[in-house]
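This briefing concerns ligand surroundings, the nonpolar core, pockets and a few individual residues. Please consult the sequence and structure shown here alongside the text.

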Amino acid sequence: MATKITDECINCGACEPECPNTAIYEGGAEWEADGELHAAIDEDLYYIVPQKCTECVGFFDQEQCAAVCPVDCCIPDPDIPEAEEVLLARAKVMHPDTPIADPPPSRFRT
Ligand code: SF4
Ligand code: SF4
């Protein structure tokens with residue numbers, strides 16, 4: 001599953017710099033992929049772009065946004081279930097020049 005931010009977010013901003021995929025944006029901010037900008041997914045609260053989130057697979061054994069969020073509002077999105085293989089493939093596409101360990105760091109392996 002992609003991770004999502006619930007409406008309990010207090011806009012502290014702690015999660016944004018922790019994401020290895022720049023998948024987190026401030027409410028109202030356009031998100032970027034492949035040099036293109038896209039309309040904000042949420043106008044008021046920090047949000048996660050599902051197409052960029054790998055649940056931190058490939059880099060960490062725990063979702064880094066969830067690890068730092070003071071109100072525990074970064075949770076798996078039940079509407080976007082994704083297998084570890086899908087998430088790992090996404091990480092490799094987004095970081096073609098970054099070696100990823102085999103087996104990769106992954107929340108699925110802890
Ligand atoms: Fe970024 Fe990881 Fe949070 Fe997804 S789970 S938004 S990749 S920090
Ligand atoms: Fe919102 Fe939690 Fe991120 Fe702070 S760390 S901006 S409360 S999701």
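The points that follow are grouped by topic.

The model is predicted. Its largest nonpolar core has 14 residues, and its largest pocket holds about 230 Å³ of space. The second largest pocket has a volume of about 180 Å³.

**Ligand surroundings**

- The shell around ligand 1 is made up of Thr3, Cys19, Pro20, Asn21, Ile24, Ile48, Cys53, Thr54, Glu55, Cys56, Glu63 and Cys65.
- By class, the shell of ligand 1 comprises seven nonpolar, three polar and two charged residues.
- Around ligand 2 there are 14 residues, of which Cys9, Cys12, Gly13, Cys15 and Cys69 come nearest.
- The shell of ligand 2 consists of 12 nonpolar and two polar residues, with no charged ones.

**Nonpolar core**

- Within the largest nonpolar core, the residues with the most contacts are Ile5, Cys9, Cys15, Ile24, Tyr46, Ile48 and Cys65.
- When residues up to four places away in sequence are not counted, Cys9 touches Leu45, Tyr46 and Cys73.

**Largest pocket**

- The lining of the largest pocket consists of Asn21, Thr22, Trp31, Glu32, Ala33, Asp34, Gln51, Lys52, Val93, Met94 and His95.
- Strand S3 (31-33) and helix H2 (84-94) each contribute at least two residues to the lining of the largest pocket.
- S3 provides the largest share of that lining, with three residues.
- The lining of the largest pocket divides by class into four nonpolar, four polar and three charged residues.

**Second largest pocket**

- Fifteen residues line the second largest pocket, and Lys4, Ile5, Ile41, Tyr47 and Ile48 lie nearest its centre.
- Strand S1 (3-5) and strand S5 (47-48) each supply at least two residues of the lining of the second largest pocket.
- The largest share of this second lining comes from S1, with three residues.
- Nine nonpolar, two polar and four charged residues make up the lining of the second largest pocket.
- Ile5 and Ile48, listed among the residues nearest the centre of the second largest pocket, are also among those with the most contacts inside the largest nonpolar core.

**Individual residues**

- Pro70 is located in the loop between helix H1 (64-68) and strand S6 (74-76).
- Pro70 counts as exposed because its relative accessibility is 51%, and the cut-off for exposed is over 50%.
- Leaving aside neighbours within four places in sequence, Pro70 contacts Ile10 and Cys12.
- Pro99 belongs to the segment after H2, and Pro99 is exposed, with a relative accessible area of 76%.
- Although Pro99 and Phe59 are 40 residues apart in sequence, their C-alpha atoms are 9.9 Å apart in space.
- Lys92 is a residue of helix H2, and Lys92 is partly exposed at a relative accessible area of 48%.
- Lys92 and Thr22 are 70 residues apart in sequence and 14 Å apart in space, C-alpha to C-alpha.

Methods. Residues are numbered from 1 along each chain as its sequence is written. Chains are lettered from A and ligands numbered from 1 in the order in which they are written. This is a predicted model: local features need pLDDT of at least 70, side-chain atom pairs count only at pLDDT 80 or more; totals for chains, interfaces and linings use all residues. Side-chain values use heavy atoms; hydrogens and water are left out. A residue is near a molecule or strand if one of its heavy atoms lies within 4 Å of it. Ala, Val, Leu, Ile, Met, Phe, Trp, Tyr, Cys and Pro count as nonpolar, Asp, Glu, Lys and Arg as charged, and the others, Gly among them, as polar. A nonpolar core is a set of buried Ala, Val, Leu, Ile, Met, Phe, Trp, Tyr and Cys residues joined through side-chain atoms within 4.5 Å. Buried means under 20% relative accessible area, exposed over 50%, partly exposed in between (1.4 Å probe, protein chains only). Contact means heavy atoms within 4.5 Å. Helices (H or I, at least four residues) and strands (E, at least two) are DSSP runs, numbered from the N terminus. On a 1 Å grid over the protein atoms alone, a cavity is a set of points where a 1.4 Å probe fits but cannot get out, and a pocket is an open set with protein on both sides within 12 Å along at least five of seven lines; lining residues have an atom within 4 Å of a point. Grid points are joined across faces, edges and corners, and a volume is the space filled by probe spheres set on the points.
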